[in-house]
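Dear colleague,

Please find below the structure that I am handing over to you. My notes on it follow.

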Amino acid sequence: MVKYNFCIKIGVPTRSQLKKWGDYYLAKSLSDELIRNGHKCHIQILPEWDLGEDSQDDIVIHFRGLSRYKVKPGHFNIMWNISHPDDISIEEFEQYDMVLVSSQMFAEQLKNKIRVPVEVFLQFTDLSVFYPKLNDELRFPLLFVGNSRGVYRKIVKDASEASDELKIIGSGWEDIIQKKYIHSRWFSNEKLNELYSSCHVLLNDHWEDMRNHGFINNRFFDAAACKAIVINDDHNELKNIFPSALTYSDKEQLNWILHDIRVNEEKYRKISEQLYNEVISEHTVVQRVQQLSTMLIKYKRELDNKIQSKVVNKGDNIQYSVKDIGKRLLLKSLGYGKTYRAVRRVYLSGKNMKFIIKKLGKKLGRKANREKQKLLLNMSTESEIRALAQNIATPIENNKVNSLISIIIPTKNGKSHFEYLFPALKKNTLYSNYEIIIVDNDSKDKTKEYLDSWKNSVNIRYFNTQQNLNFSQSINFGVSKATGKYLLFLNNDVIPLYGWLDEMLKTFVSQNEVGVVGARLIYNELTASRMKIKEVIYPGCSIQHDGIKFKWNRTGPVPVNIGKNRSPLFEEDSQVERLVPAVTAACLLTDRDTFLQIGGFDEQYWFGREDVDYCLRVLAKGKRIAVSTRALLFHREFSSQIKQSHSLVKKSRVRNQQLFLSSWGEKLTSFIWEEKLLSQTNYWTEGPLHIVFLVTENEMTTTAGDYFSARGLGDSLRQKFGYRISYLARRPEYEWSEIPKSADIIISMLHDCDIGNMNIPEGAILIAWIRGFINDWKSNKWINLFDGLITSSAYARNEFEKIVDSSKLWGILPLAANTNMFKIDAPALNRDIDVTFVGNIFHIQRDIVENLDISTNIKFNFYGRLETGQVNHPWEKYHHGNIAYSHLPELYQRSKIVIEDIAPFNRGTINLRIYEAMASGALVIANNAPEIQETFSEHVLIYQSKEELNSLIQYYLTHEADRKEIASKAKEFIHRKHTFLKRADVFRNILMSNLVKGQHKLEDI
């Protein structure tokens, strides 16, 4: 058999993301099997495709998902179309020498459309990874594994309505489905077989285009290989190939299947056994490589020609473009990951900006180009938004209110905006009793002449200030000329939609003690407005504003728009009228009495923050701010700033923020953190408190203690207060480079976490939780970069008082027992182990090895790493290797005595295992380390010498009643005082005392 050099190309953007992409596991299985068959094979991710490292390869297999590949001569190029066939053109298919398709149906269709060979090549499973293996901790009654990708997937929606037992493992579900259904955001691929094998029922679905074209995902094959009972979406090709597979078409049928499985489980186990036999006999990676080998023999002539062509041209110089050379040099010298993404972002942003500017420069009459731009940039169409407004808005009843409303519109050279505003205002304003006050700041673009043309249609009062007033001055001037009971401040760059004013007025008169009402503002078509002021480009026809909340960052609290970039067509408005802290003055309704009582807009602000300041002053007077989500207006945000220089805009923003913070910074900081920490209402802020723990590994199989300390506290904070908790691992995949911007608090669990070189979000508080290695923590130069240090003992706190400012010493948070693992009501086990030691022994000699006498007739077990380099270590024959954390509760329940030996480098730390052993009913004997006696009193036995240690062991092994009495009281003591649920309260109080400054309370405003 001929041996070839293979290169498999997958569309993963960075090496750090490999384990998050299903394509990688398919590619790895295929690569491993090809190598086992004597071939050579390597895998390339997206940024490596064009670096020239495939020049010696014979065959390239491109996993065609979302990323297109430019084929190279000299290779036998194979496309494996595994998903999204609608995205691939005939021209792209025909670039390849052979096309493999993971669908029988689509392969048959494609054969009649393209000239290159097409073969069926279904997805598969790898029996070295996916095989039946039960895990009692993973026995979910009903499970879905998959990310939302921003879509409420039908199978999940149906299952959640059918059963409260549904659990989801995957990301992106937080804003889509109730939290009770979400188990976790991620699960290790290495243990997916245990998950699939252990759950009672597994749900499996496909994207619509894959289902319609007959593509079967690899999850089906993997789950079948684990003998899982799988319910699939209605998939014709799946039913054709696997007639016994379970599928459903509607919610009622799903309900029936779930009920029938509960009643006739054995029947469905037989079905899963049948599918298992079919998959392992025909659909594993072994069979696929055999199938691929047969195809290569079939097309050997074409393959040989390609290889010969490569040999002939081997000496030719490959001509690379300047862009290719630059890309190769950059990625070769600096690596992939962040570098690649940064370069690609800059390149695509520049390319996109060039395209946009070019489009904007063309005449509006070129309809084809305009339609292409809309398709590219807009989330939906303006006509759909207009139709929505007509569907949801209704006129206000005359008997509710008939007072005059003064609509005040500041402008300067805004004629082009008025040409859109006035026709829409006239057409869509149902409420008739209004006047329009135009405050013109000396326009030179014939604004006055245009407005005069409307005088016979609407009640316009025009005032030219003949100077350049700022926005606050313009509003105050306009109010001085207005006669209405209500005042509506309106930007000239908005386009009101049907019933907008009626809806705002209804909200004002129907809500008690309302002083301000805002509207839902929606972006219209994308323009160049944001380019000069370096704003993020927005999707057109998405929500811009549903009110304003606040986010804390290091420069102080900043306002943020609610609902930004969401589609108004798919927003489920449970509240038509929402109470918020502030709204934008682009469209703001207030009443004259409130405005005059407050003192109007603060004229120190220069185009920014004046509206938020006004709203906060209204709140301070005991009135409320509301938003009507049925009052819709298009808005070109920042269009008034286009003609200003970037430096001027930036300077005014900085000045406005400084002025705003001088009035509100301390108060809002307290409100933000108090709400984040104590409240579930999210009035001031969006979303719950988000805490990110930086840990060694994020796996229950790890031996790194920092992870279990973080999990104990994090899980308790989530359980008790509803906080959002994330764990980012340093290995095997480095996740610290991508800390989410939503993080409010980042907690480093490791002394060698170099935060000085990390991309920390501006809005995050940095905390070090120091639980050991005190000298290592002290020696690191970046210790002062943390906002706060939390130590696990008073001893450690005293050590840090010597090197950091006292303001950074936030509090003491000892470790504790995780009662989700170490349960007080755990079933009693036979204590068949006399003495247990859990810990690592490296080249530094530990006192316990010298002190413990194991020559006596006791059963001694040692768990942990034994890496001393010493031949015939005295504990070698008692060594049982590492123990999984999930097995510790059982170990401690089997142990009569657990020995604790706090190493010199961990002085000042009470180890996690003391709490856990005591919580499991074992008697703990420990060496005399700081604070053990003070913390546990008589519940832990302290030894001072070798003789005392061995004497205590002998006594309590021979006096069972005394041992049980001490151990029982210690267990009750731990569960009463030293659990992570208790520590959650301590931790929250530490944050409150350091983040909530002064005497400001939420009820103050």
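Is Cys541 buried or exposed? Cys541 is buried, because its relative accessibility is 1%; buried means under 20% relative accessible area, exposed over 50%, and partly exposed in between, with a 1.4 Å probe and protein chains only.

The model is predicted, so local features need pLDDT of at least 70 and side-chain atom pairs count only at pLDDT 80 or more, while totals for chains, interfaces and linings use all residues. Residues are numbered from 1 along each chain as its sequence is written, and side-chain values use heavy atoms, leaving out hydrogens and water.

A disulfide is a pair of cysteine sulfur atoms within 2.5 Å, and the count here is zero. Cys41 is in no disulfide, as the nearest cysteine sulfur, that of Cys7, is 7.4 Å away. Cys41 is also buried, at 14% relative accessible area.

Next comes strand S14 (residues 434-440). Helices (H or I, at least four residues) and strands (E, at least two) are DSSP runs, numbered from the N terminus. Seven of the seven residues of S14 are buried, so this strand is largely enclosed by the rest of the structure. In a regular strand, side chains alternate between the two faces of the sheet. Tyr434, Ile436, Ile438 and Asp440 point one way from S14, and Glu435, Ile437 and Val439 the other.

Strands pair if DSSP finds at least two bridges between them. S14 pairs in the parallel sense with strand S13 (residues 405-411) over seven bridges, and Ile436 is the bridge partner of Ile407. Five bridges join S14 to the parallel strand S15 (residues 460-464), where Asn464 stands opposite Asp440.

Yours sincerely
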